[in-house]
Amino acid sequence: MRIGMGINYAGGFAETVAELAEHEKAGLDIVFVPEAYSFDAVSQLGYIAARTERLEIASGILQIYTRTPTLTAMTAAGLDYVSGGRFTLGIGASGPQVIEGFHGVPYDAPLGRTREILDICRQVWRRERVEYAGKHYTIPLPEGQGTGLGKPLKLINHPVRAEIPILVAALGPKNVTLVAEKADGWQPIFFVPEKAQDVWGESLAAGKAKRDPSLGPLQVFLQTSFFVTEDDHVAGQMLDGMRNMVALYVGGMGAKGKNFYNDVARRYGYDDEAATIQDLYLSGKKEEAAREVPEELLRAISLIGPRSYVAERMAAFAEAGVTTLNITPLGGTTAERVALVGQAKEIAADLR
């Protein structure tokens, strides 16, 4: 099991990157840069590539509506080039509030668009002349659209790799099936290993049945909070610190009937709790919403507690198919966070 870490998109980027050399020495395998409606991820990934040597870098995630498929492929090839073949392309649909509210484009056909983008990216990286006739993307533009001067082109540069790994953030059943069929990796959220098979097992199996063997096994990248302590009180405080984040996603990321994270909580069996959290959050009662997040759920999706307990939970994640733990080390200082990364690497090594 590999250990990754995400960069906070809300601020402190330069300070976090300054720490990465120490995290790299502690054994961190991969770092993810998100892109919500913050600074773009691409410029920051290029900066990280220049400041590190071994550490893999990944977008977590680039939204599929904000770039053309060919620009997404060009960007991935460029980041793979400046990093010496260390880039993983993470993509996802985001949600209508961000896509329509911030970018001003329709949030339509996320499943179909993702499938076509995967095909087009791989065509670009193979340096084929890009010709694609899909339902959502047609390259070049067909006769009768535009100036009529478009012609099939291929990428000028030779990519470092013709097969850059692609991971897709997906939660819905059909989306997960597509990922298991077509992508190199899957990025779920709020992953409960004991319930993952019930929630996603059928979708994963359906996709893997159609998977091209040349893609290799599906890699699973999971975001989770991480803190090792023998003090139950401190562990409780750390768990409470997760409440606002979970409430934001379950309650505030979307509208009623259109919140994918709320749907996941319901599929785990927290129907009443998910409804209450959403009602409170959308009515502006964010603190009350956070208090309604079940402690059982917080414990199930995190790695917080004594080392022996954390090791048991990591083993459960591995048994459920997780191959990379993208941890949020909850230390207050650089030294504490670096130490937590080191502990995560040690525990992961003991799982072999």
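1. Phe 317 counts as buried, with a relative accessibility of 0%, where buried means under 20% relative accessible area, exposed over 50% and partly exposed in between (1.4 Å probe, protein chains only). The model is a predicted one, in which local features need pLDDT of at least 70 and side-chain atom pairs count only at pLDDT 80 or more, while totals for chains, interfaces and linings use all residues. Residues are numbered from 1 along each chain as its sequence is written, and side-chain values use heavy atoms, with hydrogens and water left out.

2. The charged end of Arg 313 sits over the ring of Phe 317, 5.7 Å from the ring centre; the criterion is NZ of Lys or CZ of Arg within 6 Å of the centre and within 35 degrees of the ring normal.

3. A search of the whole structure finds 12 aromatic pairs, a pair being two rings of Phe, Tyr or Trp (its six-membered ring) with centres within 6.5 Å, called stacked if the planes are under 30 degrees apart, edge-to-face if over 60 and tilted for the rest. One of them is the edge-to-face pair of Phe 190 and Tyr 249, at 5.8 Å centre to centre and 85° between the planes. Phe 190 lies in the loop between strand E9 (185-187) and helix H7 (193-208) and Tyr 249 in helix H9 (residues 243-252), so this pair ties together parts 59 residues apart in sequence; helices (H or I, at least four residues) and strands (E, at least two) are DSSP runs, numbered from the N terminus.

4. Phe 190 is buried at 7% relative accessibility, and Tyr 249 is buried at 17%.
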